[in-house]
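Here are a few exercises to work through with the model open beside you. Try each task before you read its solution.

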Amino acid sequence: MIEGIFVEGLIYGIMVLGVFISFRILDFPDLTVDGSFPLGAALMVQCLLSGMNGWVALLVAFAGGVLAGVATALIHNHLRVPNLLAGILTMTMLYSVNIRILGNRANVPILDQPTILKQVTEKFTGIIPDEYILLVFFVIVALVVKVLLDLFFRTDLGMTLGAMGNNEQMVISQGVNPKTLKTIGVGLSNGLVAISGAFAAQYLGFADVGLGQGIIVSGLASVMIGEFLMLKSNRIGVLTFCALAGSICFYAVMYVGRFYGYVIHMTPSDLNLIKGVLIIVLLIMTQAKKLKVPFKVAK
């Protein structure tokens, strides 16, 4: 059970990092996530079914997520559509796109396909205890993604993205086009979400068009848990670590709810209610704590 909580938390933790970029760093409420998550899963599954190498398929999923984010940013920037509505438009269109990618089917299994996770498991069987192989793998993957993000947000472009989230007018006064920055940031955010969807499809053994339903709520809850747990810090390394920790804590709560919810006569359909209540409780606790830490990259 503990191993499953950490594996699931780390898989979705990559998605949480994407949500953290859009909601907290860019201050761009992006609902594209509900569409880009199953998009990554669908692209991964179809690439595997076509015989493509799993790591190449992962890059394809990332590229698909980036394109979805770029579409949202372009709608927002050039059509002057509010960011929430732009995300809803892209998310709605992606539902049809995802079904097309899956061959006009709502669910496609890949239980007999050579996924990345199967290859890793076969390679390290006998070296690492079988129940810990995926845990070690996803710890490494999550840390690699985290470190790459930390390095990116220490570059001039990354620091400019962070500054725009705090004060867009200041960025404009420096001669930087905020539309370009939003396109890059939202694209990167959804690219990470799509990678998370690609790994989730391999872990679950299938891709489904409804896989991303409510995923944005899970991402927000995880970010908020991470912020509540976080010590007052403006270091990007601490912020990304807390996002991952928040994801693990959130999915631990969901895991416990699924396994022991029968005690209070809970059903799987009640999990969305738990997510909503959890966010409300976190909002109350965060306001009581008065945690207001501005984003600023500190070396």
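A salt bridge here is a side-chain nitrogen of Lys or Arg within 4 Å of a carboxyl oxygen of Asp or Glu. One thing before we start: this is a predicted model, where local features need pLDDT of at least 70 and side-chain atom pairs count only at pLDDT 80 or more, while totals for chains, interfaces and linings use all residues. Residues are numbered from 1 along each chain as its sequence is written, and side-chain values use heavy atoms, with hydrogens and water left out.

**Exercise 1. Salt bridges**

Task: find how many salt bridges there are by this rule.

Solution. 
- Start with the count, which comes to two.
- Take Arg24, which pairs with Glu227 at 2.3 Å between the closest N and O atoms. This pair ties together distant parts of the chain: Arg24 sits in helix α1 and Glu227 in helix α10 (residues 215–229), 203 residues apart. Helices here are DSSP runs (H or I, at least four residues), numbered from the N terminus.
- Check the cover: Arg24 is partly exposed, with a relative accessible area of 37%. The classes are buried (under 20% relative accessible area), exposed (over 50%) and partly exposed in between, with a 1.4 Å probe and protein chains only.
- Now go to Asp150 and Lys146, which meet at 2.6 Å, N to O. Both are in helix α6, four residues apart, or about one turn. Asp150 is buried at 7%, and Lys146 is buried too, at 10%.

**Exercise 2. The buried side of two helices**

Task: work out which residues of α7 (residues 156–166) are buried, and what covers them.

Solution. 
- Pick out Gly158, Leu161, Gly162, Met164 and Gly165 as buried in α7.
- Look down the axis: they cover an arc of only 160°, so they are on the same side of α7. The arc is taken from the directions from the helix axis to the C-beta atoms.
- Then list the cover, which includes α1 (2–25), α6, α8 (168–173) and α9.
- Repeat for α5 (residues 116–124), where Ile116, Leu117 and Val120 are buried. These fall within an arc of 95°, so they line one face of the helix.
- The buried residues of α5 pack against α2 (33–49), α3 (54–78), α6 and α9. After α5 comes Gly126, with a positive phi near 95°.

**Exercise 3. Ser189**

Task: decide whether Ser189 is buried or exposed, and which residues it contacts beyond its sequence neighbours.

Solution. 
- Locate Ser189 in helix α9 (residues 178–204).
- Read its relative accessibility: 0%, so Ser189 counts as buried.
- Leave aside neighbours within four places in sequence, and Ser189 is in contact (heavy atoms within 4.5 Å) with Gly18, Val19, Ile21 and Ser22.

**Exercise 4. Cysteines**

Task: find how many disulfides the whole structure has.

Solution. 
- A disulfide is a pair of cysteine sulfur atoms within 2.5 Å, and the search finds zero.
- As for cover, Cys242 is buried at 10% relative accessibility, and Cys47 is buried at 8%.
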